[in-house]
Amino acid sequence: MAGASSSLTSPVTEEEITLTVKWSGKEYTVRVCGDDSVAELKRRICQLTNVLPKRQKLLYPKIGSKLADDSTLLSTLPLKSSLKMTMIGTVEDDIIVDQVDAPEIVDDFEIGQDEVVDIKDKEVNKQKLKRRIELRNPCREGKKLLVLDIDYTLFDHRSTAENPLELMRPYLHEFLSAVYAEYDIIIWSATSMKWVELKMGQLGVLTNPSYKITALLDHLAMITVQSDSRGIFDCKPLGLIWAHFPEFYSSKNTIMFDDLRRNFVMNPQNGLTIKPFRKAHANRDSDRELVKLTQYLLAIADLDDISILDHKKWEFYDEANVKRRRHT
Ligand SMILES: [Mg+2]
């Protein structure tokens with residue numbers, strides 16, 4: 001009945017499209033919306049196949065190279081449920097080994113404060129996040145929210161070690177235990193949920209008796225945006241979390257740590273660019289970022305609105321406060 005009303009001329013928008021994707025000798029059914037982009041489609045395919053979006057090449061009859069552009073909206077493509085899409089790509093079975101082999105690229109960039117960023121995926125709504133958030137513990141009344149990236153923020157994912165604990169950023173548990181008094185903690189990584197759970201499990205973050213992780217999010221909760229100068233990229237929109245837990249979290253009480261500034265392009269006032277933790281074996285004994293950041297987080301926890309702060313200057317926060325007090 002629903003399908004009968006769709007005409008050939010009107011473009012598909014909100015409507016769900018069911019696609020068959022062939023990969024590695026098997027067929028998968030993927031449901032997407034017309035206003036989803038190719039990037040979104042790839043994330044859905046990743047959910048089913050574990051092939052990360054960046055490793056997927058999509059082929060479809062008569063579409064040519066349009067599927068190579070992540071920003072293309074599916075509603076602009078002549079997709080038919082009778083035709084099959086083919087995906088070429090390999091699962092990152094052992095992510096650690098694969099990433100060690102890959103060259104180290106830190107492709108972060110600055111985006112001008114007033115540069116307009118269009119949300120390419122317009123489906124920013126609670127319904128979608130429900131499928132992308134793994135709630136582990138209830139939100140706590142009156143707490144602020146700390147959102148943490150994993151790779152290079154809490155863990156050096158490019159070094160190798162017999163025991164992953166050797167690659168953990170120093171003072172991680174002390175940091176999480178201390179800030180838990182004032183903040184709920186959400187972990188958000190641009191990798192897959194499988195990796196997030198594995199990594200956090202190995203580091204003992206999910207079972208530590210001194211704190212509880214409120215939720216885990218992975219790349220499926222990221223959205224694709226476009227900036228004039230930098231083109232298409234994915235970021236972590238805190239608005240999704242705020243829409244999901246409106247009674248607990250807002251732009252006023254949320255802070256996110258990430259080593260990539262572009263991840264908080266949608267909410268620059270809530271992001272703190274953390275110094276990346278790399279070369280764990282050499283830096284394990286000297287890295288004290290999490291100790292210093294504990295002090296910052298606890299120092300600002302009393303403020304009603306932490307988004308008014310310039311988190312770029314977090315290291316000078318205490319000092320500035322003391323000076324101000326001296327002068328008044
Ligand atoms: Mg990172």
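Which residue follows H1, and is its phi positive or negative? I looked up the end of the helix and found Asn 50 there, with a positive phi near 70°.

**Entry 1, ground rules.** I noted that this is a predicted model, in which local features need pLDDT of at least 70, side-chain atom pairs count only at pLDDT 80 or more, and totals for chains, interfaces and linings use all residues. I counted residues from 1 along each chain as its sequence is written.

**Entry 2, the four-stranded sheet.** I took helices (H or I, at least four residues) and strands (E, at least two) as DSSP runs, numbered from the N terminus, and I called two strands paired if DSSP finds at least two bridges between them. On that basis I found an open sheet of four strands with mixed pairing, in the order E2-E1-E4-E3. Strand E2 (26-33) and strand E3 (57-59) stand at its edges with a single partner strand each, so one side of each has no neighbour in the sheet. On average, neighbouring strands here are turned by 35° against each other, direction ignored, where the axes are lines fitted to C-alpha atoms (for helices over the stretch in contact) and angles run from 0 to 180 degrees between N-to-C directions.

**Entry 3, the pairs around E1.** I followed strand E1 (residues 16-23) to strand E4 (residues 84-88), and found that they run parallel and are joined by three bridges, with Lys 22 opposite Thr 86 in E4. E1 and E2 run antiparallel with eight bridges between them, and Leu 19 stands opposite Val 30 in E2. The hairpin of E1 and E2 has two residues between the strands, and in this hairpin I noted that Ser 24 takes a positive phi near 50°.

I then looked at H1, whose 12 residues reach 16 Å from the first C-alpha to the last, close to the expected 16 Å, a span defined as 1.5 Å times one less than the number of residues. Nine of the 12 residues are buried, so H1 is largely enclosed by the rest of the structure; a residue is buried if 20 or more other C-beta atoms, placed from the backbone, lie within 10 Å of its own. Among them are Leu 41, Ile 45 and Cys 46. The buried residues of H1 pack against E1, E2, E4, strand E10 (223-227) and strand E11 (231-235), where contact means that C-beta atoms, placed from the backbone, lie within 7 Å.

Notes:
Contact = placed C-beta atoms within 7 Å.
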